[in-house]
Amino acid sequence: MDCHLDIFFLEAVLNGLLLAGLLALLALGLNLVFGVIDVVWICYAELVMVGMYGIHYAHKGGAPFLLAALLGILLVALAGALLHVLVIRPVLDSAPINQLLVTGGVLFFLQAAATMAFGIEFRNIGIRLGSVNLMDMSFAWSRLLTFAVALGGMLALWLFLTRTYMGTAIRAIAQDRQIMPLMGVDQRKVYLVTSAIGGGLAGLAAALMVLQYDIYPQIGLQFGPLIFMICVLGGLGNMIGGFVAAFIIAQFIAVGGSCFATEWGYAIAFLFFMVAIFIRPQGLFAAKS
Amino acid sequence: MIRFSPAAIIGIVALLLLPFAVRFFFAASEKYYLHLLIQILLWSFIYTGWSLMGRFGLTSLGHGAFTGIGAYTTVLLWNFAGLTPWLGIPVGVVLSVIVALLVGYPCFRLRITGHYFALMTLALTEFVRLCIVGLRDYTGGSLGTQPRRYGDGVSLYAMQFEPDRVLSYYVALALWAFGIWMWLKVDRSMDRYALDAANQDEDAAASVGIDVTREKLKITGLSAAMCALGGAIYGQYQMYIGPDTIAGLGVSLNIVFAVIAGGLWVPLGPTVGAVFTQLLSETLRVGMQGSATLRDWLGSAALALDTAVYGLLLVLFIIYMPKGILGTLMEWRGRRKRIADTAAVARTG
Amino acid sequence: MLALANIDAGYGGFQALFGVSMSVNAGEAVAVLGANGAGKTTLLRVISGLLPAMRGEMTMEGVSLRVIAPHRILETGIAHVPESRRLFPRLSVEANLKMGAFVPAARKRFAERLDYVYGLFPRLKERRHQLAGTMSGGEQQMCAIGRALMSGPKLVLLDEPSMGLAPVVVAQVFELVRRIRSEGYTVLIVEQNVAQVLKVADRAYLLEVGRIKASGSAAELLASDEVRRAYMGI
């Protein structure tokens with residue numbers, strides 16, 4: 001173990017901050033869907049994986065990166081809507097745990113389908129953005145960009161939720177489902193729009209992740225558990241809580257990872273999570289009821 | 001005391017004679033078929049262990065952690081301390097139970113249920129997997145490791161029975177029978193009523209004097225112990241353990257899904273789930289090898305076809321057949337019997 | 001305006017309404033009286049589509065309500081202020097009002113309707129950024145009625161607006177009802193507070209265990225022995 005309060009420690013902390021932006025974005029979509037529909041998409045990270053492959057192949061097929069990213073976002077938004085219509089809608093009245101498990105089936109399916117379609121090789125989109133050096137520290141541009149776009153994405157969602165009718169309905173539906181028809185709101189439509197936005201956020205995350213990570217069919221297993229943990233820690237459905245939790249967890253991963261080995265950073269983060277949940281079972285930032 | 005019905009006795013005898021039937025009918029590929037049967041029995045035992053708590057609404061995604069702890073503790077103690085699995089397995093089981101109780105106690109006290117319980121236990125699985133990978137100097141990291149061979153053949157001391165497939169079959173069968181016996185014992189116990197009550201309404205259960213936390217901890221401990229035992233024996237049989245084959249989220253999800261596919265509320269449901277999932281993947285794998293077209297089309301990626309079909313079937317199961325294969329069949333039979341009974345009553349009346 | 005003929009309704013195996021027929025004419029205030037569990041709330045839920053009727057016919061200005069999806073009922077001009085207000089507690093007052101104007105036709109006139117509602121209930125304007133769940137009961141009732149008015153309805157269904165409120169506030173709530181009445185809205189109000197509601201209503205129906213037992217003008221019912229004995233303790 002070599003952990004000193006030196007410039008490298010600071011570098012780890014700052015990189016953790018940049019990672020937090022991405023994790024917060026990933027948690028946001030899941031929280032949005034849970035908050036509105038009351039269903040956990042266990043396959044959320046697999047939707048991100050689908051987006052990453054989509055962007056990768058669109059880019060390889062000649063589309064400029066921005067266009068490829070846009071296509072990827074649309075692809076995953078569509079996937080989110082399809083997931084809702086085909087899988088979630090039939091089980092909306094089932095036990096909550098069945099709703100969670102049914103998306104687990106989708107997880108297996110997407111992972112296996114990706115393996116069949118794209119093979120098990122690691123793929124890289126091959127865009128190098130370089131890095132910026134500050135004193136002895138180095139930060140990849142891709143991470144800085146990710147952080148900025150993730151914050152931008154979150155701001156856009158916030159504006160949507162507070163300024164538009166549909167956004168207000170999305171916030172309202174979680175507070176009182178039964179009376180939505182009295183407002184003239186079609187619950188099915190709100191669910192569908194929410195699922196598409198949740199998917200779109202996964203697509204945005206995918207567009208940022210292809211710049212930083214190799215793509216392979218199991219990449220969802222690397223991020224999925226982390227995203228759930230952040231969401232639960234922040235209080236399922238609580239978007240602001242998820243945001244803060246992402247920053248806490250990212251620090252454990254980054255600093256723990258730089259002091260020990262990468263897995264230990266993650267392991268410490270999971271341990272922290274379990275202990276934290278025992279102290280605040282409804283998440284660190286749950287409103288006291 | 002459990003009384004056996006004639007059908008059950010025939011079933012038990014058939015299972016005991018099965019290796020000889022295999023030898024008689026499939027002499028050429030005896031090893032392969034026995035291997036398939038052993039796999040089914042070992043996983044059935046693990047699935048049954050999970051279903052003990054799963055049936056009471058305690059949907060744990062943490063059992064991949066328990067199988068992992070059981071398997072790794074046993075193998076590491078053997079490899080690095082020379083401790084025989086006869087002692088290593090109990091250590092692994094006890095360790096699993098301790099972890100289960102440590103995680104379970106606060107969960108149950110704080111009434112973490114449903115989504116939260118599932119995600120909480122998922123974190124446990126992930127934590128254990130990361131520890132296994134992190135301790136790569138001992139565990140071989142994500143590549144996995146093997147128990148050190150003790151001599152060439154079967155060894156009682158090292159609990160290495162894999163070279164003798166027929167022996168392995170009986171070991172697996174004994175374990176499986178133990179699992180079913182445990183299921184029936186729980187099913188007939190007072191705890192079952194307490195847990196059913198707690199599952200339906202925790203406050204009401206507590207108000208009639210049920211110590212809900214205690215009841216849940218008992219069943220969780222038992223369930224974790226069985227999965228740890230199953231994981232350890234599985235490791236001894238396979239002579240290989242890896243974080244993806246015996247620990248981790250994939251294993252946790254497989255356990256849950258196989259049980260749901262088979263049927264959560266019937267004693268043989270987990271077994272049917274194991275038969276179904278193992279046969280499905282084997283059929284697809286063999287079918288793949290037999291078909292040059294499919295092989296050319298999919299290449300090495302064909303390995304994933306079974307998982308894809310499996311995932312798709314699971315979605316369909318949960319949507320259209322939430323009681324599982326066996327549960328649904330029994331319901332059909334029950335309904336037909338009722339109809340027949342009513343008809344009979346109508347005739348006689 | 002609103003006409004119900006032989007409506008049966010219920011929950012699962014439990015039937016709550018038996019052959020209910022009634023009508024509300026434009027400009028009227030009609031009350032439905034009855035004890036707890038008489039089916040009053042069920043009646044309003046059936047009209048606004050929250051609970052599908054099992055049998056019978058229901059029309060709003062000649063349009064059959066039974067074939068319309070629940071979320072389209074509002075477009076026929078029926079706004080429902082549900083029992084115990086049911087505001088969105090963690091949305092601001094203004095966001096709650098915005099939800100009242102969710103249907104496309106109302107969105108276009110949002111600013112105008114908002115001014116109108118704020119004019120009617122200046123208290124809501126003062127509190128417009130406050131979370132609805134943090135207001136007093138009377139203010140919440142004001143907000144719930146305001147939310148219903150945002151869509152520019154013709155008929156307002158009020159479900160026990162005085163329920164759970166302090167006696168002083170109850171008087172204020174009936175004052176609110178009287179005010180929206182004078183604004184020209186047709187009102188169908190369900191109440192247990194018989195003495196008060198008969199002062200604002202023109203006509204009333206008496207509902208007992210899911211069946212209409214009596215009907216007549218407010219004055220007639222107020223004078224009837226049955227009502228006085230059963231509901232006013234006289």
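In which sense do strand β9 and strand β10 of chain C pair, and over how many bridges? In this predicted model, β9 (residues 203–208) and β10 (residues 211–217) of chain C pair in the antiparallel sense, and six bridges join them. The two strands form a hairpin in which two residues lie between β9(C) and β10(C), and C:Val209, located in the turn, has a positive phi of about 40°. Within this pairing, C:Leu207 has C:Ile212 of β10(C) as its bridge partner.

The secondary structure of chain B, by comparison, consists of 16 helices and zero strands. A compact globule of 349 residues would have a radius of gyration near 20 Å, and the value of 21 Å for chain B therefore agrees with that expectation. The C-alpha trace of chain B spans about 70 × 50 × 45 Å along its principal axes, and 47% of the 349 residues in the chain count as buried. Among the contacts in chain B with a separation of 6 or more, 74% are accounted for by residues 24 or more positions apart.

Chain B also meets chain A, with 39 residues of chain B in contact with 40 residues of chain A. On the side of chain B that touches chain A, at least two residues are supplied by each of α4 (85–109), α5 (114–134), α12 (249–262) and α15 (305–320) of chain B, and α5(B) gives the most, with 15 residues. When the residues on this side of chain B are grouped by class, 32 are nonpolar, six are polar and one is charged.

Technical notes
Residues are numbered from 1 along each chain as its sequence is written. Chains are lettered from A and ligands numbered from 1 in the order in which they are written. This is a predicted model: local features need pLDDT of at least 70, side-chain atom pairs count only at pLDDT 80 or more; totals for chains, interfaces and linings use all residues. Two residues are in contact if their C-beta atoms, placed from the backbone, lie within 7 Å. Helices (H or I, at least four residues) and strands (E, at least two) are DSSP runs, numbered from the N terminus. Ala, Val, Leu, Ile, Met, Phe, Trp, Tyr, Cys and Pro count as nonpolar, Asp, Glu, Lys and Arg as charged, and the others, Gly among them, as polar. The radius of gyration is taken over C-alpha atoms; the globule rule is 2.2 Å times the number of residues to the power 0.38. A residue is buried if 20 or more other C-beta atoms lie within 10 Å of its own, exposed if 12 or fewer, and partly exposed in between; C-beta atoms are placed from the backbone. Two strands pair if DSSP finds at least two bridges between them.
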